[in-house]
Structure formats: C-alpha cells, structure tokens
Amino acid sequence: MKRREFITLLGGAAACPVVSHAQQLSLPVIGYLDSQSPGVFADILLRPFWQGLKDLGYAERENVAIEYRWADNQIDRLPELAAELVRRRVAVIIAGAPPAALAAKAATTTIPVVFSVGDDPVKIGLVASLARPGGNLTGINFFSSEVAAKRIELLREIVPTLARVAVLVDPAFTLTETLVRDAETAARAMGLQSQVVGASTSREINEAFANLGRERPDGLFVGTGPFFTSRRVQLALLAGRYGVPAIYGSRLFTEAGGLMNYGASLTDAYRQMGIYAGRILKGANPADLPVVQSTKFELVINAETARMLGLEVPPTLLARADEVIE
C-alpha cells in the first residue's frame, strides 16, 4: 500500500465512508488518542495495533469502528480530544503515551483505557498496582526509563574512549525528570561525565546540536518522548552532520539513520494494546487485567552510519544485535 493511500485511512470513519452511517452506529467504537500526528509514525505502529485487534477477531470497518484523535504534538489539546471521545461514548480508549493516558484518565472514570507507557504506571498515578490495576485503566509498560544504564553501556562499547556523554531530553515530556536522573546516575557509576541538554522545538534541536558540535562530547544519549520520535529524522541527520555517536530508545531512530538503539519493542507494545482492546470489547474488566510488562527488547545497529562516523562495531556487539542495517 502506498504511503499516501495508507495515511488516508487514518482519518477514521468520518474520512473513510467504507461502511454506511447506520452500520457505523451498530459497531463498537474504539477511541484512539495520540499526542502525535498520523503522518509521523502511525504507519509503523498502527499496523501492530490492528494486528492485535485481529488476533482477537476484530477488524476496522468490519466489526469495529475506530475514532482517531491526533494532537499534532500539541499536548495541551489532549484534554479536549479525550473529552470528545468520552462524549462520543466509545467502548474503550487507546492512549499511546503518558500525556495521552493522563488526559484520558482525567476525562473518564468509567470508559476503559488501555495505555502504553515507558515508566512505572503506579508511580505516575495511572493504576493502583501492576497486578490488579483496580480502576478503568490498564495497559503496557515498556521500561524506557529503566534501561538508561544499558544504553550508556552499549554506547561505551561502540565508543571505547567514551569519557563525556551528552544527554539530550525534551523538558516538556512527562518522564524527562526520571530519565535525566537515571542517565546521570548511570554515567556517574561508570566514571563518565554527563551534560544535560534540553530541546522542545525543532529550532532548539538545531541549536542543541550546534552547541554539541562546538563542545564535542564523545557520545550522545537521546531521551524518549513523542516529540523526539516525531523529529527522529532531524535528530539522526544532525548527529551524523556533527559526527556525534548517538544511541536512541527505539528502532524508529536507527531506521531513520541513527547509529544504534536499545529498548523495548514498540511494535510489540502496540500489538499488546490491540489485544487488550479486543479483550475489553469481549467483556473483560480493565481492573482485572494486569499491566503487561514488555519482555521483548531490541538492539539495532546501523552499520552504514557507524562507517560514516569512522566507528568499528565490535564483533561481540554485532553478535548480540537483533538486526544490523547495512
């Protein structure tokens, strides 16, 4: 399917009159709430979500309808978008990141919500416990903040002379404070100097890399968050332009030209969200569905980018990689 054709499908029922309005009214409706825009990475992550639904016997526009609400990276729009889905009386809300999950939680105490977050959902107030969430929310936890030390270790493997590491984060992202603490603690434990750099706009990313180009850190740890995911091509290009070896949390960055990534598989997390949505549509109570702990982690290395940076990837690292992009 061509990308333009695919994106056209993302507008939901109103934009895609494949079934009649009367048929739409008879179908259960899933509300999909996301802080990003459909053209950013929806073509990658919606596919596994749809597959998860299919695993439970559901297919969009056949026996389930999906109402999409995209905030286009404007986090302050999420509360109203969540309220729209509540007024629409959807059967379940899918919330693809902490800001969306928190907006959905604030909007309803009755409609089931399935989230996907990279930090402890108990700590950030989404559920009462992982085993028995208790309220109307459950979902997937993929540990993005708990693998900071592993990412820095991998960065040091590919850059043996690593002494100073820059930590690039989005100050507006919900989990940034935790991420910075974990990265700084890990760097200190390895005897490395760390420098935190913030960027919340495309222009600030450009300015951050211009500063990094002057200060010349040995490596770069790129934080997580919806905004950075939306700017992954820009981040990868700038890291290459300024010759900074960087590690990311998702394979989406490595596929865009980044050096390497280590983290939980987002495609697996989104498939699990589809499965949970299907189970809820079949009558399961989110209060009784334990938060799924992601167990599938990916190490992906872009060998072409490594050569461009003048790095020799150790054979031991290549052997452990889930994929090497040539």
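Colleague: To begin with, is R89 buried or exposed?

Modeller: R89 is exposed, because its relative accessible area is 75%. Here buried means under 20% relative accessible area, exposed over 50%, and partly exposed in between, with a 1.4 Å probe and protein chains only. Please note that this is a predicted model, in which local features need pLDDT of at least 70, side-chain atom pairs count only at pLDDT 80 or more, and totals for chains, interfaces and linings use all residues. Residues are numbered from 1 along each chain as its sequence is written, and side-chain values use heavy atoms, with hydrogens and water left out.

Colleague: Where is R89 placed, and what is its phi?

Modeller: R89 sits in the loop between helix 4 and strand 3. Its phi is near 60°, a positive value in a residue other than glycine. Helices (H or I, at least four residues) and strands (E, at least two) are DSSP runs, numbered from the N terminus.

Colleague: And what about N73: which loop holds it?

Modeller: N73 is in the loop between strand 2 (65-70) and helix 4. Its phi is positive, about 65°, although N73 is not a glycine. N73 is partly exposed, with a relative accessible area of 32%.

Colleague: Which residues line the second largest pocket?

Modeller: The lining consists of S35, N73, I75, P99, D170, A172, F173, T174, S200, P226 and F227. The volume of this pocket is about 170 Å³. On a 1 Å grid over the protein atoms alone, a pocket is an open set of points where a 1.4 Å probe fits, with protein on both sides within 12 Å along at least five of seven lines; lining residues have an atom within 4 Å of a point. Grid points are joined across faces, edges and corners, and the volume is the space filled by probe spheres set on the points.

Colleague: What does I75 touch?

Modeller: Not counting residues up to four places away in sequence, I75 touches S35 and P99, where contact means heavy atoms within 4.5 Å. I75 and S35 are 40 residues apart in sequence, and their C-alpha atoms are 6.0 Å apart in space. I75 lies in the loop between strand 2 and helix 4 and is partly exposed, with a relative accessible area of 41%.

Colleague: A change of topic: how many aromatic pairs are there?

Modeller: The count comes to 8 aromatic pairs. Rings of Phe, Tyr and Trp (its six-membered ring) pair if their centres lie within 6.5 Å; planes under 30 degrees apart count as stacked, over 60 as edge-to-face and the rest as tilted. The Y32 and Y68 rings have centres 5.7 Å apart and planes at 55°, so this pair is tilted. Y32 belongs to strand 1 and Y68 to strand 2, so the pair ties together parts that are 36 residues apart in sequence.

Colleague: Why is the pair of Y68 and W70 stacked?

Modeller: The ring planes of Y68 and W70 are at 10°, with centres 6.1 Å apart, so the pair is stacked. Both Y68 and W70 are buried. One aromatic cluster is formed by Y32, F49, Y68 and W70.

Colleague: Finally, which residues have the most contacts inside the largest nonpolar core?

Modeller: They are I152, I158, F221, M260, L299 and L317, in a core of 31 residues. A nonpolar core is a set of buried Ala, Val, Leu, Ile, Met, Phe, Trp, Tyr and Cys residues joined through side-chain atoms within 4.5 Å.
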